[in-house]
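Subject: Structure handover

Hello,

Please find the structure below. My notes on it follow.

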Amino acid sequence: MKKFKKIGEKLSMHPIMAFILLTGFIIILSGILDVFDASVTYNKVNTKTGGYETTLVTVESLLNLSGIKYIFSNTVANFVSFTPLSMLLIVLIGISIMDKSGFLDSIFFVLTKRMPKTVVTFIFTFICIITSLTGDLCFVVLIPLAALLFKYGKRNPKAGIISAFAALSLGYGMNIVISSVDSTMITTTEYAARIISNMYTINSSCFIYIMLPATLIGSALITYVTEKVIAPRLGKYESDEEEIVQDKDKLTRREVKGLLFAGIGALIYLIIFIYNIIPNVPLGGNLLDYSQNRYIDKLFGYDSFFNSGFVFVITFLFFLCGLLYGFGTKSIKNHHDVCNYLSHSLDDIGKVIVLLFCSSMFISLLRYTNIGALVTAFLSNIILNSSFTGIPLLLLVLLFSIISTVLLPSFVNRWNIFSGSVVPAMMSGGFTAEFSQLVFTVGSSIMYPLTPVMAYFVIYISFLEKYDKDNVGIIKSIKYMVPYALIILAMWIVLLLLWYVIGIPLGLSSSSVL
């Protein structure tokens, strides 16, 4: 126990140092595993032939010559291409001008002034869960906005950051509309299912009946944890003098005029944009990827416009709202104000960039070693060779999905490994392929906010650091997530067992049992 306590103390230090120590641990661990020739063979579904192919996973050592070369030659490139870095910097530019011009203060005042705090938290939580279908972009947009929403509402910004990260991460497991990640996994699931049944197909609305209650109940539970557990624990936020938010009973004429300007500009922008994502309309649908079949893939697929350009689309919307509001209220008088306001949120960003660098190094080196894939393949073999059926098999898949997420958070990469074992095993045990994917997704989402290997975990820590006068270590930031994960896990166990025992349809043309 003393050893675990010492490890906890190490990880409770500054997150920059914690990531450095974790990186060192991965380097040493990869060398040790390589000495013992650690490897796992598993069955992977070949999407071209429709059959199994034997795949070998071996550990790549970082302590040999090739590993050392990789560290020195790829660390800078991995940092430059680290998606959270570019996304965060660009989005913060748009948020800067919205915040500094006063737009966020006014719009949050209008939206929340006559609304109870619990209702505000619930609505924002629901929005976070729904927008998780957009993928990783939601983390860099909604986490900083959550901090400002709570700050302008005279509440602790850390509560907003924590609840937003919890809702966004856990939202990957509950969403009324399937995401591009779900869509990609469904394709893999179909191929895996055809090993058992040649003509097996899955409807894109296969989860809607279970996701409707899950999304609403999940939003309520996350709100409950935020209001009853997290917010009281954090206490009152002590602002710096320049951060003090003034009380007001109503908007001034200038503020109303500014909101009117911003609203009209945003409406025109959104109409043009939305028209260009509607398929089969005259001169519209220009932003869709027509090489894809499902609409969600046309929007958010790997080669879609959204996947490459949506960050700038959102940033420009923020810039437009802040700029027009500033002109309307005269808080922006000239181009000097515009330039100064654009960099407002980037002040004192140095520590965040160092944190992002250390996180990118840790994640890229862990990915290079294949340790996460090795553990996932090992667990998938246990599932394939187990004799479990029914509820024990369901709980086994759920547990192993949770465990495997710690070192390999990517849903798609792990499902590529898991599907060849999980889908046939669960179908042989009487479950449908859709239910197999659902159980895997649920387990993965439960651990998603709890692992620092998840790339956007560093965004969460960065904003906690910004609003916390004391040091926020990795362990402390994970502890904030534990109540959310436990209560959502309990919810999902009840829902999964209820749907399985009663035989309620999962969605259109889908059920939990064959």
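Which residues line the second largest cavity? They are Ser 132, Leu 133, Gly 171, Tyr 172, Asn 175, Ser 179, Val 181, Asp 182 and Phe 411. Please keep in mind that this is a predicted model.

Cavities

The count is 3 cavities of 30 Å³ or more. The second largest cavity holds about 70 Å³ of space, and by class its lining consists of 4 nonpolar, 4 polar and 1 charged residues. The volume of the largest cavity is about 80 Å³. Around the largest cavity are Tyr 172, Gly 173, Met 174, Asn 175, Val 177, Ile 178, Asp 182, Phe 207, Met 211, Leu 438 and Thr 441, a lining with 7 nonpolar, 3 polar and 1 charged residues.

Helix packing

Two packed helices are described by the angle between their axes and the distance between the axes. For helix H16 (residues 371–385) and helix H18 (residues 411–428), the axes come within 8 Å and cross at roughly 5°. H16 is therefore roughly parallel to H18. On the H16 side the contact is made by Ala 373, Thr 376, Ala 377, Leu 379, Ser 380, Asn 381, Ile 383 and Leu 384; H18 contributes Arg 414, Ile 417, Phe 418, Ser 421, Val 422 and Ala 425. Sorted by class, this contact has 9 nonpolar, 4 polar and 1 charged residues.

Confidence

The protein has a mean pLDDT of 88, with 95% of its residues at 70 or more. Which elements have the lowest and the highest mean pLDDT? Helix H1 (residues 2–11) has the lowest, 49, and helix H17 (residues 390–405) the highest, 96. Over residues 7–11 pLDDT stays under 50, and the model has 7 contacts beyond four places in sequence for them.

Regards

Methods:
Residues are numbered from 1 along each chain as its sequence is written. This is a predicted model: local features need pLDDT of at least 70, side-chain atom pairs count only at pLDDT 80 or more; totals for chains, interfaces and linings use all residues. Side-chain values use heavy atoms; hydrogens and water are left out. On a 1 Å grid over the protein atoms alone, a cavity is a set of points where a 1.4 Å probe fits but cannot get out, and a pocket is an open set with protein on both sides within 12 Å along at least five of seven lines; lining residues have an atom within 4 Å of a point. Grid points are joined across faces, edges and corners, and a volume is the space filled by probe spheres set on the points. Ala, Val, Leu, Ile, Met, Phe, Trp, Tyr, Cys and Pro count as nonpolar, Asp, Glu, Lys and Arg as charged, and the others, Gly among them, as polar. Axes are lines fitted to C-alpha atoms, for helices over the stretch in contact, and angles run from 0 to 180 degrees between N-to-C directions. Helices (H or I, at least four residues) and strands (E, at least two) are DSSP runs, numbered from the N terminus. Angles under 35 degrees count as roughly parallel, over 145 as roughly antiparallel, 65 to 115 as roughly perpendicular and the rest as oblique. Contact means heavy atoms within 4.5 Å. pLDDT is the predictor's confidence in each residue, from 0 to 100.
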